Amino acid sequence: MVKLKVKKDTDNLFIIDTTLDKDVDGILEYIGKVQNGRLKIERLVYEINELADHGISLPPNMQGLTDEQVAELKLVNEWESTCVPSGGSTFCKDDIGRRCGAAPSQENMKKVLKDTAEEAKQKVSKKHFDENRCVTLEDVKDVLSVLKGAVTIVYPMGLPPHDPIQMELDDKEDLSGTQMAKEVIDVSQTTLWYCGKEMTPTNKPLSAFLGKNEKTTVVIKVAKKGHGCPAREPPVSEEQQKLLMAHAYRKQEELKKLAENDDTDWMSSPWADPKSLKSQLHGTGNIKWR
């Protein structure tokens, strides 16, 4: 199995295991599914934490309005009485005005949502890249299934169809006009790069670009088509660069101290004593007089 370290520009994404007989098209599609699944989980984690704190999402026509505006327009949230959390709800106002404020009243229900969200975040975290651990599409699907199960436990009657969590679970999310939309990988507009060369044509197997050695680890970069070669890997890592800078600073400080020191205090050092060898032979080197 060959390990592919997938990166986007200088951003570490994840590592996958594959074989060299797989074609580039299949690998690109797989990378797209894993990365988009990871992004979906990140969005769900944020929204589930909001759900635990402030309840279900308000209808789009009520979001961002003050209580006075809602009363003046005679708007009613019909879903608040239907989508009730297990054990009842308690009011916790959402300052942003996106959610109704009817949060789960029982602490164990909140804990289910928050703990599940945190575990999901860790399972697809970028720390796996640093620890040289792989992330698979099955891992992503399992995490999504667990998140869906946690929401069902706390909200057995389900969520409103306009709630971002429900839209994510139904694959109906609308990311247009958001920063998150730029992070999603569109396979039709994406290409893979290896060692500064674009991996085309994409119907060729990986072995045509990576060689025949299955027991290897390579860095693959994801980039948009027509945007040219992505940035190359730095010659030293960030950690190594910090160590080099710290060493250079210490050396500079030592040289500065030597330049300022014009005294002859070095003459009292043991290594400058002309009789030190004689003292060592006679065993009188460590004698101190009081």
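Glu131 is partly exposed, with a relative accessible area of 42%. Its partner in a salt bridge is Arg133, with N and O 2.6 Å apart. Arg133 also counts as partly exposed, at 39% relative accessibility. These values come from a predicted model.

In general, side chains of opposite charge can pair when their charged atoms come close. The structure holds 14 salt bridges. Three of them are set out below.

| Salt bridge | N to O distance |
|---|---|
| Glu131 and Arg133 | 2.6 Å |
| Lys111 and Asp115 | 3.0 Å |
| Glu168 and Lys40 | 3.2 Å |

Lys111 and Asp115 both lie in helix α3, which spans residues 107–123. Because the two residues are four apart in this helix, about one helical turn separates them. Their side chains form a salt bridge whose closest N and O atoms are 3.0 Å apart. Asp115 has a relative accessibility of 34% and so counts as partly exposed, since the value falls between the 20% and 50% limits.

Where in the chain do Glu168 and Lys40 lie? The salt bridge between them, at 3.2 Å for the closest N and O atoms, links distant parts of the chain. Glu168 belongs to helix α6 (residues 164–169), while Lys40 belongs to helix α1 (residues 24–54). The two residues are 128 residues apart. Glu168 and Lys40 are both buried.

This pair is also part of a network of salt bridges. Which residues does the network link? Its members are Lys40, Arg43, Glu168, Asp171 and Glu173.

Conventions
Residues are numbered from 1 along each chain as its sequence is written. This is a predicted model: local features need pLDDT of at least 70, side-chain atom pairs count only at pLDDT 80 or more; totals for chains, interfaces and linings use all residues. Side-chain values use heavy atoms; hydrogens and water are left out. A salt bridge is a side-chain nitrogen of Lys or Arg within 4 Å of a carboxyl oxygen of Asp or Glu. Buried means under 20% relative accessible area, exposed over 50%, partly exposed in between (1.4 Å probe, protein chains only).
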